Structures are given as C-alpha cells and as structure tokens.
Amino acid sequence: MSWISALVILAATLVTAFISGIFGMAGGLILMGVLTALLPVATAMIVHGAIQMVSNGWRAWLLRSHIDWKVFARYLAGSVVAVILLFLVAWRPDKTMVYLMLGLIPLLVWIPRSLVDLDIQKPGQAEGAAVVVQSLNTLAGVSGPLLDLMFVRTDMTRQAIVGTKAVTQVVAHMVKIAFWSVPLLAASGISAMPPVWLLALAIPLSMTGTWLGGLVLARMNDVDFKRWMRWLVTVIGVVYLARAAGLF
C-alpha cells in the first residue's frame with residue numbers, strides 16, 4: 001500500500017466518522033467506496049469492517065443511555081439466522097457488483113410508506129430486518145440506508161435511532177470481518193491481511209470523528225435529522241450507480 005493511499009484512507013476515516021456521528025449512517029457508504037477504489041475487495045471489506053466496528057461501538061457507548069435494548073435483542077436473533085445462511089453461501093461479489101449494491105441500497109429510503117410500512121419496533125420486523133441487513137452488510141460492505149428505512153418511521157428520538165443502529169452495526173461488522181477474513185487467510189495467509197499500523201492509526205481518527213459528529217447531532221432537531229439523512233444517502237447512491245455503470 002502506498003503512503004498516498006494510506007493518507008487518503010485515514011482522511012476518509014475521519015470525515016466519514018464525523019458524518020456517521022451525525023446521521024448514524026452515510027459515512028460508511030462513502031468510506032466503503034473509497035476503500036473499494038484503493039484496495040482489493042476482500043481487503044477493503046476487512047478494513048471497512050474494523051474501522052466501522054470501532055466507530056459504531058464508540059457511538060453506541062456515547063449514546064448508551066438512549067439505546068433500545070429490546071429492539072437490539074430481537075435484531076440479534078435475526079442476525080444469527082443470517083450468519084448461518086451467509087457461511088453456507090460461497091458467492092462473494094466483485095468490485096462492479098459492490099458498487100452496484102452500494103448505489104441501489106440508498107434508494108430504498110424512498111419506498112412509499114403506503115407500499116411497505118416498515119417499523120423496527122413492530123413485532124417480527126427487527127428479526128426480519130436483521131436477516132436482510134446482515135446479509136447485505138456482509139456482501140456489499142454497508143446496509144445503513146436499508147436499516148435506516150426501518151428506523152425513520154418509528155417514534156424514536158434521533159439519539160435513540162443513532163445509538164440503537166450503532167449497536168446493531170457492531171455485530172454486523174464483526175460478521176463481515178469473519179466472512180471475508182476466513183477465505184483470504186486460507187488462500188494467502190496472514191500476509192494478505194490489512195497492515196496493523198493502518199488500523200492502529202484509523203481507529204482513533206474514527207473515534208474522534210464520531211465524537212465531533214455527536215456534538216452536531218445534539219444541536220439538530222428530529223425533523224431536520226430525518227430530512228437531511230434521506231437526501232444525503234440518495235446523492236451518495238446516485239454517485240455509486242454512475243461508478244458501477246462505468247465499470248460494466
């Protein structure tokens with residue numbers, strides 16, 4: 001890895017953690033795109049998973065008093081099902097398919113409520129969301145917009161949304177790291193794994209960005225939070241669809 005690539009990754013880590021610290025999402029989408037452009041897909045997934053696991057864990061800790069632990073417990077049950085299914089599947093996407101999924105996932109926030117009434121607090125929806133979200137997060141690297149669709153129509157506060165989403169994503173990124181690390185280690189050994197020094201530098205930057213984003217979140221209101229979140233991920237999705245089209 002060149003020093004220029006490392007600097008780009010570290011800068012992207014700080015900026016995207018700041019964005020996620022505000023919205024609880026979107027930052028991971030941007031970071032995944034940066035990593036996929038600079039690294040092989042498997043390496044990008046592992047680096048992204050490690051950075052996002054720490055970022056989400058720190059965000060969950062900062063907002064721990066707002067987390068809906070009942071929703072998390074139900075989500076965890078669905079994640080177990082997803083993990084079993086994922087490790088039975090041998091398919092792993094290439095770079096073009098990753099960009100395509102990154103582009104399509106954000107557009108899910110525009111599904112009309114009259115067509116699909118999603119609410120993670122309703123019976124059965126947290127479990128079902130976990131199966132789909134965990135699968136997409138593992139294969140595409142991110143699933144924030146889909147998970148957001150489950151939260152944006154609840155009566156939860158912005159802090160509860162960001163905190164609860166964060167703790168679910170800690171689990172999601174742990175699974176992603178394992179899913180992509182096992183075949184990489186089997187094929188190429190430990191030398192194929194991302195350098196430890198990169199993660200050692202990226203993790204404190206991720207935590208700093210998350211803390212700064214939390215300061216902005218505290219100054220927003222719930223209406224503006226949900227409106228800006230929807231438009232932000234839509235713009236990101238369009239950019240990734242254009243990128244995928246360019247690779248076909």
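## The loop between H3 and H4

Ser65 sits in the loop that joins H3 to H4, where helices (H or I, at least four residues) are DSSP runs numbered from the N terminus. With a relative accessible area of 67%, Ser65 is exposed; here buried means under 20% relative accessible area, exposed over 50%, and partly exposed in between, with a 1.4 Å probe and protein chains only. Ser65 and Leu205 are 140 residues apart in sequence, and their C-alpha atoms are 24 Å apart in space.

The model is a predicted one, in which local features need pLDDT of at least 70 and side-chain atom pairs count only at pLDDT 80 or more, whereas totals for chains, interfaces and linings use all residues. Residues are numbered from 1 along each chain as its sequence is written, and side-chain values use heavy atoms, with hydrogens and water left out.

Because 16 of its 22 residues are buried, H3 is largely enclosed by the rest of the structure.

For helix H4 (residues 69–86), the 18 residues should span 26 Å, and the end C-alpha atoms are 25 Å apart, which again agrees. The buried residues of H4 are Val71, Phe72, Arg74, Tyr75, Gly78, Ser79, Ala82 and Leu86. They cover an arc of only 160 degrees around the axis, which places them on the same side of H4; the arc is that of the directions from the helix axis to the C-beta atoms. The face turned away from this buried side carries the exposed residues Lys70 and Ile84. At the start of H4, a side-chain oxygen of Asp68 comes to within 3.2 Å of the backbone nitrogen of Lys70.

How many salt bridges are counted in the model? The count comes to one salt bridge, the term being used for a side-chain nitrogen of Lys or Arg within 4 Å of a carboxyl oxygen of Asp or Glu. Glu127 forms a salt bridge with Arg74, and the closest N and O atoms are 3.3 Å apart. Since Glu127 lies in helix H6 and Arg74 in helix H4, the pair ties together parts that are 53 residues apart in sequence. At 26% relative accessibility, Glu127 counts as partly exposed, whereas Arg74 is among the buried residues of H4.

Ile120, in the loop between helix H5 (95–104) and H6, is buried, with a relative accessible area of 0%. Ile120 and Tyr75 are 45 residues apart in sequence, yet their C-alpha atoms lie 8.9 Å apart in space.

## Buried polar and charged residues

Asn137, in helix H6 (residues 125–140), counts as buried at 0% relative accessibility, and its side chain reaches the backbone oxygen of Ala172 at 3.3 Å. Lys176, in helix H8 (residues 158–188), also counts as buried at 0% relative accessibility. The side chain of Lys176 makes a polar contact with the side chain of His173 at 3.2 Å, a polar contact being a pair of N or O atoms within 3.5 Å of which, within protein, one must be able to donate a hydrogen and the other to accept it, while residues adjacent in sequence count only if both atoms are side-chain atoms.

Arg158 is likewise found in helix H8 and counts as buried at 13% relative accessibility. Arg158 and Met220 are 62 residues apart in sequence and 8.8 Å apart in space, C-alpha to C-alpha.

## A nonpolar surface patch

Phe18, Trp61, Leu62, Trp211, Leu212, Leu215 and Val216 make a nonpolar surface patch of about 620 Å². Patches are made of residues with over 30% relative accessible area and no salt bridge, like charges being joined within 9 Å and nonpolar side chains (Val, Leu, Ile, Met, Phe, Trp, Tyr) within 5 Å; accessible areas come from the Shrake-Rupley method with a 1.4 Å probe, and for residues only the protein chains shown count as cover.

The elements that give two or more residues to this patch are helix H3 (41–62) and helix H9 (196–219), and H9 gives the most, with four residues. Leu215, which lies in helix H9, counts as partly exposed at 44% relative accessibility.

Definitions and conventions:
Expected span 1.5 Å × (residues − 1).
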